[in-house]
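Below are a few notes to read with the structure open beside you.

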Amino acid sequence: MTIRPRPLVAGNWKMNGLKASLPELAAIRDGVMAGAFGRAEAAICPPATLVSLAVELAQGSELAIGGQDCHAKVSGAHTGDVSAQMLKDLGVTYVIVGHSERRTDHSESSAQVRAKAEAAITAGLIAIVCVGESEAQRRAGETLSVVGQQMDESWPAGATAATLVIAYEPIWAIGTGLTPTAQDVAEVHAFLRARAVKLGAVEGAGVRLLYGGSVKPSNAAELMGVPDVDGALVGGASLTAKDFLGIAAAYKG
Ligand code: PGA
């Protein structure tokens, strides 16, 4: 039996959350400390405005804090951007790069995503690189070729199992309540695993492959039970401690 890496359940708050949301984060932290995630690791990626406060709040607990994006450069004339080094400086552990909302809203290419992931790793962060097909691409039978190409083009040079996480997020499943069948997820994850081994050899074999897109307490156990699914990237259901800890139940016991 192969030894699988420690699963990761990462919450992506997207552009949601004010200081008034911190009690929710504290409740998540308390759940983590009480062992709610079992053998899995938990992370929350709040908006940039809350990262510093979130790190403070999570201090001394097992809850990791992540950023939602970073610039590929360390510093310079890039108004409004945040570098990986800046996130690291705050005590952040993870950073999401190449989320489909950024690929769409900011026209980010896989080459840019790769540069961001490399910057994150250089800064000492763990990069969570997102890939996923649109509804039209799935209907056209292009899912594997699309995610394969995104993997090839976004894969950071020198990535290891300790510095890279891949999140498979079908765009049509994000925020819609729709999810692929367990069989569909299994097919994509087996494909991504093979690709990761091709790109990263033994390290690729150990890279965690998360599933993301409408993960909630009611479907987490099934989705997290799929072979080669090493955790989840959770949007909407990470905004409340009740739902996020409900998802954690997939890893309890
Ligand atoms: P969702 O978002 O869980 O709200 O579908 C997932 C994501 O975009 O990471």
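1. A word on naming before anything else: helices here are DSSP runs of H or I with at least four residues, numbered from the N terminus. Please also keep in mind that this is a predicted model.

2. With that numbering, Arg195 belongs to helix 8, which spans residues 182–206. What does the side chain of Arg195 make a polar contact with? The partner is the side chain of Asp152, at 2.7 Å. Setting aside neighbours within four places in sequence, Arg195 touches Gly148, Gln149 and Met151 as well as Asp152.

3. Some polar distances may be handy for your own checks. From the side chain of Lys14, an N or O atom is 2.7 Å from an oxygen atom of the ligand. Gly175 places a backbone N or O atom 2.6 Å from a ligand oxygen, and a polar backbone atom of Gly236 is 2.8 Å from an oxygen atom of the ligand. How much of the ligand's accessible area does the protein cover? On its own the ligand has 280 Å², and the protein covers 94% of that.

4. Finally, a helix pair. Two packed helices are described by the distance between their axes and the angle between them. For helix 1 (residues 22–33) and helix 2 (residues 48–58), the axes come within 10 Å and cross at roughly 35°. The crossing of helix 1 past helix 2 is right-handed. Helix 1 contributes Leu22, Leu25, Ala26 and Arg29 to the contact, while helix 2 contributes Leu53, Ala54, Leu57 and Ala58. Sorted by class, that contact holds seven nonpolar residues, one charged residue and no polar ones.

Technical notes
Residues are numbered from 1 along each chain as its sequence is written. This is a predicted model: local features need pLDDT of at least 70, side-chain atom pairs count only at pLDDT 80 or more; totals for chains, interfaces and linings use all residues. Side-chain values use heavy atoms; hydrogens and water are left out. Axes are lines fitted to C-alpha atoms, for helices over the stretch in contact, and angles run from 0 to 180 degrees between N-to-C directions. Helices (H or I, at least four residues) and strands (E, at least two) are DSSP runs, numbered from the N terminus. A crossing is left-handed if the near helix is turned anticlockwise from the far one by less than a right angle, and right-handed if clockwise. Contact means heavy atoms within 4.5 Å. Ala, Val, Leu, Ile, Met, Phe, Trp, Tyr, Cys and Pro count as nonpolar, Asp, Glu, Lys and Arg as charged, and the others, Gly among them, as polar. A polar contact is a pair of N or O atoms within 3.5 Å; within protein, one must be able to donate a hydrogen and the other to accept it, and residues adjacent in sequence count only if both atoms are side-chain atoms. Accessible areas come from the Shrake-Rupley method with a 1.4 Å probe; for residues, only the protein chains shown count as cover.
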